[in-house]
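Here is a short tour of a protein model, written for someone who likes to check each stop by eye. Please keep the viewer open as you read.

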Amino acid sequence: MSVTAAKGFTAAGIAAGIKQNGNPDLALVVNTGPRRAAAGVFTSNRVKAAPVVWSQQVLADGELTAVVLNSGGANACTGPQGFQDTHATAEKVAEVLSAKGTDVGAGEIAVASTGLIGILLPMDKLLPGVEKAAAELSEHGGEKAAIAIKTTDTVHKTSVVTKDGPDGSWTVGGMAKGAGMLAPGLATMLVVLTTDADVDSTGLDSALRGATRVTFDRVDSDGCMSTNDTVLLLASGSSGVTPDQDAFTSAVREVCDDLARQLIGDAEGASKDIRIEVINAATEDDAVEVGRSIARNNLLKCAIHGEDPNWGRVLSAIGTTAAAFEPDELNVAINGVWVCKNGSVGEDRDLVDMRYREVTITADLAAGTESAVIWANDLTADYVHENSAYSS
């Protein structure tokens, strides 16, 4: 049930007419309490969409009552009018929820958008759509909400984890969209996570940042960073259980990790999912830098698509970084075969079986004890086609 698996939440997903094809394009998630704590993580792109700027502002007090999300338009690079439209959307959500008996102001409503950049949203369709979505709010509406936020996604993405403790059970649920522009600084993603655990905004923020750092921030499909990335975590407290902070962070990470893998698995045009593990680095930052460099090497991505275990391209990618290593001590394995040893020829590359969807690359820097994992995809003709035809 996605974002409605946790008690204290309702959701809806409807077709408001924002998308010309008539597919669902507007989602609403409402926290019915009793707690309305929230936290968020957003794109690090200096060019930020109006909904990102708005949501960062309303999250300043650590509380949210609802999130409204639309696909079919990013409302990014739309000037003052775009921000006014975001404000109007939040005002409309507050109005319809107040009419349904929930006293709420626009400052308690987060807004998220996804789609093409530089196009104003059709407010004559979006605002009536908010009314329609509010009328369809349900404890069983999580899946419809997840469907409504898709853009080039081929499938909707949801995840749920329930934990049992001495004081009772509690749940973390979530939904995500994203299939392209997947790169650190989050991805071109909208993610809403919900929990019925009784956790304040400080605890939520700590858990979300800890989880995001090693999940969404380590998805690097195509090296492109979006203007709209938004990950929100809302707590209703309706379970009455306050879990141990480490246990809560672990559960949030479990959901984020699952959603991040689903994002990679649905990346535009991809035929291979590439798990890049950098081991024996001097620092974690070195491991992440090397992993990102490997993930963004287009020659390597093409080789992986062609099922060619070209380890030389891995070494050349490592060599562009500032990480600590000695070139003649580097080792590289592809799908468990150490094709490069001590910076030179290793095991027979013909032993590497690359027929399957998942490809693993292990880069051993022989410089320390730290490690990191980055997920990426191959580069395909389908990716080029989809992104050349997207605007039409």
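Is Leu232 buried or exposed, judged by relative accessibility? Leu232 counts as buried, because its relative accessibility is 1% and the limit for that class is under 20%. Bear in mind that this is a predicted model. With that said, here is the picture, topic by topic.

**Leu232 and its surroundings**

- Leu232 sits in strand β9.
- Beyond its neighbours within four places in sequence, Leu232 is in contact with Ala39, Gly40, Phe42, Leu59, Leu64, Val67, Ala110, Val191, Val192 and Leu193.
- To give a sense of distance, 21 Å separates the C-alpha atoms of Leu232 and Val155, which are 77 residues apart along the chain.

**Nonpolar cores**

- The largest nonpolar core has 54 residues, and the ones with the most contacts inside it are Leu28, Leu69, Ile109 and Met175.
- Another core lies apart from the largest one and has 33 residues, including Leu315, Ala372, Ile374 and Ala376.

**Helices α2 and α3**

- Helix α2 (residues 79-99) packs with helix α3 (residues 123-135) at an angle of about 25 degrees, and their axes are 9 Å apart.
- The two helices are therefore roughly parallel to each other, as angles under 35 degrees fall in that class.
- The crossing of α2 past α3 is right-handed.
- On the α2 side, the contact is made by Asp85, Ala88, Thr89, Lys92, Val93 and Val96; on the α3 side, by Met123, Leu126, Leu127, Val130, Glu131 and Ala134.
- Sorted by class, the residues of this contact are 8 nonpolar, 1 polar and 3 charged.

**Helices α7 and α9**

- How do the axes of α7 and α9 cross, and at roughly what angle? The axes of helix α7 (residues 284-295) and helix α9 (residues 311-318) come within 8 Å and cross at roughly 130 degrees.
- That makes α7 and α9 oblique to each other.
- The crossing of α7 and α9 is right-handed.
- Val290, Ser293 and Ile294 from α7 meet Val314, Ala317 and Ile318 from α9.
- The contact of α7 with α9 has 5 nonpolar residues, 1 polar residue and no charged ones.

**Loops on either side of α9**

- Asn310 lies in the loop between α8 (298-305) and α9.
- Asn310 is buried, with a relative accessible area of 18%.
- Setting aside its neighbours within four places in sequence, Asn310 is in contact with Leu300, Ala303, Ile334 and Arg349.
- Gly319 belongs to the loop between α9 and β11 (331-334).
- Gly319 counts as partly exposed, at 48% relative accessibility.
- The C-alpha atoms of Gly319 and Asp205 are separated by 36 Å, and the two residues are 114 apart along the chain.

**Backbone details to inspect**

- Which peptide bond is cis, with omega near 20 degrees? The bond from Gly33 to Pro34 is the one to look at.
- Pro34 is in the loop between β2 (26-31) and β3.
- Asn75, a residue other than glycine, has a positive phi near 50 degrees.
- Asn75 is found in the loop between β4 (66-71) and α2, and is buried at a relative accessible area of 1%.
- Ala366 has a positive phi near 50 degrees as well, again in a residue other than glycine.
- Ala366 is located in the loop between β14 (358-364) and β15 (370-377), where Ala366 is partly exposed, with a relative accessible area of 37%.

Methods. Residues are numbered from 1 along each chain as its sequence is written. This is a predicted model: local features need pLDDT of at least 70, side-chain atom pairs count only at pLDDT 80 or more; totals for chains, interfaces and linings use all residues. Side-chain values use heavy atoms; hydrogens and water are left out. Axes are lines fitted to C-alpha atoms, for helices over the stretch in contact, and angles run from 0 to 180 degrees between N-to-C directions. Helices (H or I, at least four residues) and strands (E, at least two) are DSSP runs, numbered from the N terminus. Angles under 35 degrees count as roughly parallel, over 145 as roughly antiparallel, 65 to 115 as roughly perpendicular and the rest as oblique. A crossing is left-handed if the near helix is turned anticlockwise from the far one by less than a right angle, and right-handed if clockwise. Contact means heavy atoms within 4.5 Å. Ala, Val, Leu, Ile, Met, Phe, Trp, Tyr, Cys and Pro count as nonpolar, Asp, Glu, Lys and Arg as charged, and the others, Gly among them, as polar. A nonpolar core is a set of buried Ala, Val, Leu, Ile, Met, Phe, Trp, Tyr and Cys residues joined through side-chain atoms within 4.5 Å. Buried means under 20% relative accessible area, exposed over 50%, partly exposed in between (1.4 Å probe, protein chains only).
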